[in-house]
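Welcome! Let us take a short walk through this structure together, one contact at a time.

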Amino acid sequence: MSVPEAKVRVNHALKQKSNYRWLVLSLVFILYMVCYADRTNIGVVLPFIQKEFTLSNFQAGAISSFFFLGYACTQIPAGFLLRKKGTRGIVALAVIGFSVVTFLLGTVTGAAFLVILRLLLGVAEGPVPVSMTSTINQWFPAKEKATATGFYIASTQLAPIIVPIVAAAIAVSFGWRSVFIYFSIPGIFIAILWYLVVRSKPEDSSKVSQAELDYIRQEEVVTTTTTEVDQRTLGWIDKLIRYQKVQPISSPKKVFTSWNIWGNTLAYFLMNSVLYGMLTWVPMYLVNAKHFSLIKMGFLASTPAIGGLIGALLGGFISDRVFLKRRKPTMLITALATAVMMLVVTQIPNNSTLIALSLGFAGFFLNIGWPSFTAYPMGLTTRETYPIAIGTVNSGGNLGGFFSPMIVGAILDATGNYNLAFGFFGIMLVIGFCVILTLKEPKQA
């Protein structure tokens with residue numbers, strides 16, 4: 001096919017495409033917001049649980065942490081399963097499963113059962129994030145993937161904005177067990193909707209026009225076209241991020257022998273250590289160190305997520321449009337800028353406005369590069385090997401959510417000093433910055 005013919009075909013697709021992929025992305029957003037709400041409500045009810053069962057900070061942290069052990073264990077198996085079976089049915093079953101476990105969390109009579117059920121919640125939720133990013137990888141062209149991923153990641157920030165406020169109100173009015181019971185309901189409905197509306201690939205959906213399919217697959221069809229974006233460089237930034245042509249990872253074996261995949265996994269581990277450490281302990285920090293009421297805590301605990309929502313939405317757009325599909329620049333910004341904000345948080349006086357601003361900016365910088373950690377393997381792999389690659393990244397990365405809450409709990413038991421906890425987060429971010437520098441930035445179509 002000649003270049004003019006290819007351009008005519010792409011231009012025709014632009015005029016006629018059905019845009020069904022954006023409805024799919026909307027369901028990705030809603031579904032993962034429900035998923036994230038079910039995992040993060042624990043941070044709000046921990047003060048109630050800790051008081052009722054007389055738990056140490058380490059024990060309270062373990063209740064949060066064990067979710068991520070189950071979550072990490074299912075990521076790689078989910079990647080292999082999705083490679084064979086697709087996302088449609090697996091997602092529906094997973095969402096029903098974690099909704100049932102969420103309901104059971106509201107029936108427990110002992111802390112040990114909370115740990116076991118949090119572990120099972122992680123097992124049930126494990127296939128969901130791999131499925132969400134695999135859906136985006138199948139349904140969007142390369143030039144829209146980080147933007148779509150940023151929209152998906154934004155759901156992880158909208159949930160923590162709403163969850164602390166709603167969960168605190170439910171816990172104060174009806175008791176902490178009611179939080180889990182109420183939060184278990186939406187998942188059942190979204191699972192049914194997903195199964196009815198979304199297919200694993202756009203080729204399988206009767207709602208997708210041929211023009212939209214051509215648009216989604218245009219990089220695969222128009223192989224001889226060199227776009228203006230491909231020819232543009234970022235000068236010293238390209239040298240810093242090691243921008244170069246990388247041979248696509250075409251087999252599962254190559255996934256497990258790629259430093260770029262493992263380095264991204266390690267960096268993601270360090271970022272998750274900060275993200276889930278903050279989700280777990282910021283509510284306790286506001287109650288125990290800053291002495292705010294539970295209702296006020298609910299509003300202030302949402303500020304990192306408000307900043308994170310803006311950061312995630314902007315981050316995907318910046319990666320696609322400003323940095324021309326380079327993923328490492330926003331990853332590096334996230335690591336370095338958030339480390340600076342951890343230092344700022346430790347110096348903030350006991351003023352609710354200043355605390356809200358500092359936590360909001362911390363959330364913003366932490367999430368501006370978050371879409372790129374997920375989008376980065378898309379440039380290294382094929383559509384067939386991506387589920388395994390992202391399963392690996394999620395599996396290792398989310399172990400940070402397992403270790404970090406317990407480590408911070410141990411620090412607090414030993415010292416009672418929340419500034420040391422934020423210092424721990426800062427160290428993780430600086431190490432992450434150094435790891436990201438070692439990765440190659442793959443050129444994409």
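What follows looks at a pair of helices and then at some aromatic rings.

Keep in mind that this is a predicted model. Start with helix α5, which covers residues 88–105, and helix α10, which covers residues 185–197. Their axes lie 8 Å apart, and the two helices pack at an angle of about 175°. Since angles over 145 degrees count as roughly antiparallel, that angle makes α5 roughly antiparallel to α10. On the α5 side, the contact is made by R88, G89, V91, A92, V95, I96 and S99. Helix α10 brings G187, I188, I190, A191, W194 and Y195 to the contact. Elsewhere you can find R326, whose charged end sits over the ring of Y243 at 3.8 Å from its centre.

Now turn to the aromatic rings. Across the whole structure, a search finds 26 aromatic pairs. One of them joins F67 and F68, with 4.8 Å from centre to centre and 85° between the planes, an edge-to-face arrangement. Both F67 and F68 are buried. F68 also pairs with Y71: the ring centres are 6.3 Å apart and the planes stand at 90°, so this pair is edge-to-face. You will find F68 and Y71 in helix α4 (residues 57–85), three residues apart, which is about one turn of the helix. Y71 is buried, as is F68. Step back, and you can see ring pairs linking F67, F68 and Y71 with Y32, Y36, Y152 and Y276 into a cluster.

Methods: Residues numbered from 1 in each chain as written. Predicted model: local features only at pLDDT ≥ 70, side-chain atom pairs only at ≥ 80, totals over all residues. Heavy atoms only, no water. Axes fitted to C-alpha atoms, helices over the stretch in contact; angles between N-to-C directions. Helix = DSSP H or I, 4+ residues; strand = E, 2+ residues; numbered from the N terminus. Parallel < 35°, antiparallel > 145°, perpendicular 65-115°, else oblique. Contact = heavy atoms within 4.5 Å. Phe/Tyr/Trp six-rings, centres within 6.5 Å; stacked < 30°, edge-to-face > 60°. Buried < 20%, exposed > 50% of the residue type's maximum accessible area, 1.4 Å probe, protein only. Lys NZ or Arg CZ within 6 Å of the ring centre and 35° of its normal.
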